[in-house]
Amino acid sequence: LQHYKSITFIEEIMFLIRVLLCCATLSTLHIVQSEGSCKKLPIESGLMSSVFKNLDAELALDGDMETFCHSELESEPFILLMFENSRVGDVKIKNVQEDCCWDQLNGAEVSVLNDDMDAILCGLVKVEKTDKCVTVNCKGAVGTYVKVEIPGEKFLHIREIEVFKKCPADEMKEEEKKEDGGDDRCSNGLSFCDGVCKHIHMCGKNYG
């Protein structure tokens, strides 16, 4: 009986050790996954081209989905956000969904600007009435400002806007793509050259 108790005690100890090792492994995995996540950039200030009834840029930065910023009806209304110089990833825009206004944001241009106000266009906003949030990726464009501007004569109103740093995981994928000779226009690691997609070592060779 004493021998049986000793074996049972040892088995319990071994079980506890396995549990602790498992928890430590899960904790490590969690940390590794977190390192690849994007961080939201703290916005230092916001500016609008015009303000309708005190509905200024701060209302698109307050985290409250019940409020929104609102410009006057004007040509090319915009909102400009300032932050510490960074490589910009996603710009997330939470749109108003009222029948009157949800489509005003369609075609808006999202750009990253540097201190000299030179702009890099990230992309255009495409929104459906059911879209609570739309995302435009700036692919690591470096700058101090993000600008959302609507061409034509319109109102600009946004419930919330968030700017994120470029994900380290995305940067690693880009480096891998460069090493593989990949190109956005081609798949399977091919490179675009001589007007077609080829393996990188075939570029510059004419077999015609």
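1. Lys 40 is partly exposed, with a relative accessible area of 48%, where partly exposed lies between buried (under 20% relative accessible area) and exposed (over 50%), computed with a 1.4 Å probe on protein chains only. The model is predicted, and local features need pLDDT of at least 70, side-chain atom pairs count only at pLDDT 80 or more, and totals for chains, interfaces and linings use all residues. Residues are numbered from 1 along each chain as its sequence is written, and side-chain values use heavy atoms, with hydrogens and water left out.

2. Lys 40 forms a salt bridge (a side-chain nitrogen of Lys or Arg within 4 Å of a carboxyl oxygen of Asp or Glu) with Glu 162, and the closest N and O atoms are 3.3 Å apart. This pair links distant parts of the chain, since Lys 40 sits in the loop between α1 (2-35) and β1 (45-48) while Glu 162 belongs to strand β9 (residues 157-165), 122 residues apart; helices (H or I, at least four residues) and strands (E, at least two) are DSSP runs numbered from the N terminus.

3. Glu 162, which counts as buried at 17% relative accessibility, also forms a salt bridge with Lys 94, the closest N and O atoms being 3.9 Å apart. Here too distant parts of the chain are linked, with Lys 94 in strand β4 (residues 78-95) and Glu 162 in strand β9, 68 residues apart. Lys 94 is partly exposed, at 23% relative accessibility.

4. A search of the whole structure finds three salt bridges, among them one in which the side chains of Lys 147 and Glu 149 meet at 3.8 Å, N to O. Glu 149 counts as buried, at 18% relative accessibility.
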